[in-house]
Amino acid sequence: MTKPHAIVILTGAGISAESGIDTFRGGGGLWEQHRVEDVATPEAFARDPELVLRFYDMRRAAIQTKASNAAHVALGRLEREWPKRVPGGEVTVVTQNVDDLHERGGSLNVIHMHGEHLSAWCTACDARHRWTGPLLDRPRCPACGTRALRPDIVWFGEIPYRMDAIQTALAEADLFVSIGTSGAVYPAAGFVRLARELGLQTLELNLERSQGSTWFHETRLGPATELVTNWVDTLLA
Ligand code: NAD
């Protein structure tokens with residue numbers, strides 16, 4: 001492989017697993033004891049807003065008790081060091097995760113395509129606010145004063161954020177790396193095919209082969225804390 005310049009890294013729930021945050025498909029078809037369709041769709045929110053808000057209030061509180069792990073920290077280091085090693089070096093993290101562990105691991109250039117636990121979105125005025133407390137008590141939007149805040153999460157059936165920026169980053173990159181994602185949720189699951197069409201090198205780091213594993217030039221299997229740290233060490237050596 002020729003030395004890459006711009007790197008796009010897609011991450012999924014697997015990179016946060018060793019921080020103690022449940023993955024999506026790890027719990028025998030349930031996510032944190034709930035069926036996805038009961039808590040992670042706009043229809044669920046319309047049907048039973050209290051259930052959905054309570055669920056996300058618990059998740060928002062829980063992630064604040066967790067810490068980033070060695071894999072997040074390694075990606076933060078890569079983003080800082082890579083431009084010093086390679087002319088035009090750039091690292092973009094595209095995450096499906098709604099936790100903030102990449103940021104706490106030192107990454108700055110992070111696209112949260114599925115939203116963020118620590119953000120609330122006002123459906124009345126479209127403002128977004130950093131939010132660490134509960135939403136169940138229907139607090140007022142700090143911008144417009146209405147009580148129309150919801151979790152700033154892209155639910156199933158909604159359109160992921162910043163797809164244009166992701167496609168531009170892929171078009172300008174030479175290496176695509178996928179870490180800890182099952183390859184079951186689209187459009188993220190399709191990024192490896194797009195990367196191949198654009199001529200990028202592709203690498204998968206995961207505990208087990210993802211559904212799109214055959215699209216990758218190379219797959220390395222193991223826990224993210226080990227694989228990502230080793231990969232970053234080698235790249236920066
Ligand atoms: P997923 O649960 O479908 O798949 C997780 C993947 O991570 C699996 O392929 C598994 O083999 C791998 N994995 C598990 N432990 C690992 C480890 N220690 N090291 C490396 N890989 C490991 O997750 P997904 O593909 O991200 O899709 C699920 C959806 O659920 C996403 O849209 C995401 O928004 C949401 N989600 C987010 C979080 C979070 O923010 N931390 C947690 C759960 C679910």
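The model is predicted, so local features need pLDDT of at least 70 and side-chain atom pairs count only at pLDDT 80 or more, whereas totals for chains, interfaces and linings use all residues. Residues are numbered from 1 along each chain as its sequence is written, and side-chain values use heavy atoms, with hydrogens and water left out.

View 1. T225 is buried, at a relative accessible area of 19%. This residue belongs to helix α9, which spans residues 224–236; helices (H or I, at least four residues) and strands (E, at least two) are DSSP runs numbered from the N terminus. The side chains of T225 and E18 form a polar contact of 2.4 Å. A polar contact is a pair of N or O atoms within 3.5 Å; within protein, one must be able to donate a hydrogen and the other to accept it, and residues adjacent in sequence count only if both atoms are side-chain atoms. With neighbours within four places in sequence set aside, T225 is in contact (heavy atoms within 4.5 Å) with E18, N69, A70 and A71.

View 2. A side-chain N or O atom of D99 is 2.8 Å from a nitrogen atom of the ligand. Taken alone, the ligand exposes 860 Å², and the protein buries 92% of that area, as computed by the Shrake-Rupley method with a 1.4 Å probe.

**View 3. The loop position of A13.** A13 sits in the loop between β1 (6–11) and α1 and is partly exposed, at a relative accessible area of 25%. Not counting residues up to four places away in sequence, A13 touches T23, F24, N97 and G180. A13 and E226 are 213 residues apart in sequence, with a C-alpha to C-alpha distance of 16 Å.

View 4. A disulfide is a covalent bond between the sulfur atoms of two cysteines. The structure as a whole contains zero disulfides, the criterion being a pair of cysteine sulfur atoms within 2.5 Å. The sulfur of C122 is 3.7 Å from its closest cysteine sulfur, that of C144, and is therefore too far for a bond. C141 is likewise in no disulfide, its nearest cysteine sulfur being that of C122, 3.8 Å away. C122 is buried at 0% relative accessibility, and C141 is buried at 2%.

**View 5. R150 in strand β6.** R150 lies in strand β6 and is buried at 6% relative accessibility. A polar contact of 2.9 Å joins its side chain to that of E158. Apart from residues up to four places away in sequence, R150 touches F45, A120, W121, T123, L135, W155 and E158.

View 6. The peptide bond from Y186 to P187 is cis, with omega near 10 degrees; P187 lies in the loop between β7 (175–179) and α8 (191–197). D126, which is not a glycine, has a positive phi near 75 degrees and is found in the loop between β4 (115–122) and β5 (128–130). R138, also not a glycine, has a positive phi of about 50 degrees; R138 is in the loop between β5 and β6 (149–153). In the loop between β8 (201–206) and β9 (218–221) is S213, whose side chain makes a polar contact of 3.4 Å with the side chain of T219. S213 is buried at 5% relative accessibility.

Note on methods
Buried < 20%, exposed > 50% of the residue type's maximum accessible area, 1.4 Å probe, protein only.
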